[in-house]
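Look at the sequence and the model first, then read the points below.

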Amino acid sequence: KGIGRQCVVFNCSDGLDYLAMAKFFKGVAASGAWACFDEFNRIQLEVLSVVAQQVLSIQQAQNEGKKQFMFSGTNLPIKANCGP
C-alpha cells in the first residue's frame, strides 16, 4: 500500500505580494497539502511580516482543532494535516 502527501513547491520572487501568498495559503489549508518555499529569502521584508501573520492564523486554527476559520476575509475550511 502506498502513502503519500501532496506537497506544493513554490518558487518565491521579489515581486511576490501578501495577496498572492494569501491565495496560496487558502489552497494549502483547504486541501490539506504541505507547502515548500524555494528562495523564501527573496520576499520583501514588509511582505514577510504579513506572511508570518497568515501562517500564524493557520497554525492557531489547527491547534484549536477548528474545521473552518476566518482567513483573509473568507470563512475557509481547514484540514488538520495541512502544513503551511
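This is a predicted model: local features need pLDDT of at least 70, side-chain atom pairs count only at pLDDT 80 or more; totals for chains, interfaces and linings use all residues.

Strand S3 covers residues 68-71, with Phe69 and Phe71 on its covered face and Gln68 and Met70 on the uncovered one.

Residues are numbered from 1 along each chain as its sequence is written, and side-chain values use heavy atoms, with hydrogens and water left out.

- Strand S4 (residues 74-77) runs antiparallel to S3, and 4 bridges join the two; strands pair if DSSP finds at least two bridges between them.
- Phe71, on the covered face of S3, has Thr74 in S4 as its bridge partner.
- The hairpin has 2 residues between the strands, and Ser72 takes a positive phi near 50°.

**Helix H2**
- Gln54 is found in helix H2, which spans residues 45-63.
- Gln54 counts as buried because its relative accessible area is 8% (buried means under 20%, exposed over 50%, partly exposed in between, with a 1.4 Å probe and protein chains only).
- A polar atom of the Gln54 side chain lies 3.2 Å from the backbone oxygen of Tyr18.
- Leaving aside residues up to four places away in sequence, Gln54 touches Tyr18, Met21, Ala22, Phe25 and Phe71; contact means heavy atoms within 4.5 Å.
- Gln59 is also found in helix H2, and its relative accessibility of 37% makes it partly exposed.
- Gln59 and Gly83 are 24 residues apart in sequence, and their C-alpha atoms are 8.6 Å apart in space.

**Aromatic rings**
- A search of the whole structure finds 7 aromatic pairs.
- One of them joins Phe24 and Phe25, edge-to-face, with 6.2 Å between the centres and 65° between the planes.
- Rings of Phe, Tyr and Trp (its six-membered ring) pair if their centres lie within 6.5 Å; planes under 30 degrees apart count as stacked, over 60 as edge-to-face and the rest as tilted.
- Both Phe24 and Phe25 are buried.
- Ring pairs link Phe10, Phe24, Phe25, Phe37 and Phe40 into a cluster.

**Salt bridge**
- The structure holds 1 salt bridge, that is, a side-chain nitrogen of Lys or Arg within 4 Å of a carboxyl oxygen of Asp or Glu.
- The side chains of Lys66 and Glu64 form this salt bridge, at 3.2 Å from N to O.
- Side chains of opposite charge can pair when their charged atoms come close.
- Lys66 is partly exposed, at 40% relative accessibility, whereas Glu64 is exposed, with a relative accessible area of 52%.

**Cysteines**
- The count of disulfides is 0, where a disulfide is a pair of cysteine sulfur atoms within 2.5 Å.
- Cys7 is partly exposed at 44% relative accessibility, while Cys82 is buried, with a relative accessible area of 6%.

Terms used. A polar contact is a pair of N or O atoms within 3.5 Å; within protein, one must be able to donate a hydrogen and the other to accept it, and residues adjacent in sequence count only if both atoms are side-chain atoms.
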